[in-house]
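Here is a plain walk through one structure, for someone meeting it for the first time. Take a look, then read on.

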Amino acid sequence: MNSSGPGYADRQELSALQKVLYRRILRQLTAPGAIVRIIGQSGHGKSLLAAQLIRENEAFDIVNIIRPNLGRKAFLISACTQLGIEWESDDQLTTTLSARLKRHIESTALLGRNTLLVIDNAEKLGLSVLAVLLSLLNITVAAKRPIRVL
């Protein structure tokens, strides 16, 4: 998030240019398997656009990763928790968490819902999390990819 403190982006309004970009991002995210990368200098509204997408979302189940330096297990626990996937505290094997996450994404895709991973500062993702992300991007349901990444 912006250095002005947690929730800063939630209190801001989009500029006219950001509204245009917001609509363009929404269109791009409709493509199966879409990966949309927003780049720019610090303080130019990247996190604000992401917060707006999360706030106004109705089309996607969203996983919002605001701490991209998480390890593989913490990433999976965060994603499962945000999607309402039940897991028990002794269920610590990353393969089990990963399987539950994949099953959830597949089952919701069969119901017509896609999953959007919003990753702020994605350049800080570790290799183990990138491996999980790659496996999620390879999920196919009815010849379509139900994962989108912003």
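Just after α4, Gly 112 takes a positive phi of about 95°. Helices here are DSSP runs of H or I with at least four residues, strands are runs of E with at least two, and both are numbered from the N terminus.

Before going further, a word on what you're looking at: this is a predicted model, where local features need pLDDT of at least 70, side-chain atom pairs count only at pLDDT 80 or more, and totals for chains, interfaces and linings use all residues. Residues are numbered from 1 along each chain as its sequence is written, and side-chain values use heavy atoms, with hydrogens and water left out.

Back to α4. This helix has 17 residues and reaches 24 Å from its first C-alpha to its last, close to the 24 Å expected at 1.5 Å a residue (the expected span is 1.5 Å times one less than the number of residues). Its buried residues are Leu 97, Ser 98, Leu 101, His 104, Ile 105, Thr 108 and Ala 109. Buried means under 20% relative accessible area, exposed means over 50%, and partly exposed is in between, using a 1.4 Å probe and protein chains only. Seen down the axis of α4, the buried residues fall within an arc of 130°, so they line one face of the helix; the arc is taken from the directions from the helix axis to the C-beta atoms. An α-helix has 3.6 residues a turn, so residues three or four places apart point the same way. On the face turned away from the buried side, α4 carries the exposed residues Thr 95, Arg 103 and Leu 110.

What do the buried residues of α4 pack against? They meet β1, α3, β2 (114-119), α5 and β3 (147-149), with contact meaning heavy atoms within 4.5 Å.

Now for α3 (residues 72-82), whose buried residues are Phe 75, Leu 76, Ala 79 and Cys 80. Looking down the axis of α3, you'd find them within an arc of 125°, so they too line one face of their helix. Their cover includes β1 (60-65), α4 (94-110) and α5 (127-137).

Next, the sheet. It's an open one of 3 strands in the order β1-β2-β3, with parallel pairing; two strands pair if DSSP finds at least two bridges between them. β1 and β3 stand at the edges with a single partner strand each, so one side of each has no neighbour in the sheet. From one strand to the next, the twist averages 20°. Angles run from 0 to 180 degrees between N-to-C directions, and axes are lines fitted to C-alpha atoms, for helices over the stretch in contact.

Here are the strand pairs:

| Strand pair | Bridges | Partners |
|---|---|---|
| β1 and β2, parallel | 6 bridges | Ile 62 and Leu 116 |

As for β1, 5 of its 6 residues are buried.

Arg 113 forms a salt bridge with Asp 61, with the closest N and O atoms 3.0 Å apart; the rule asks for a side-chain nitrogen of Lys or Arg within 4 Å of a carboxyl oxygen of Asp or Glu. Arg 113 lies in the loop between α4 and β2 and Asp 61 in strand β1, so the pair ties together parts 52 residues apart in sequence. At 27% relative accessibility Arg 113 counts as partly exposed, while Asp 61, at 18%, counts as buried.
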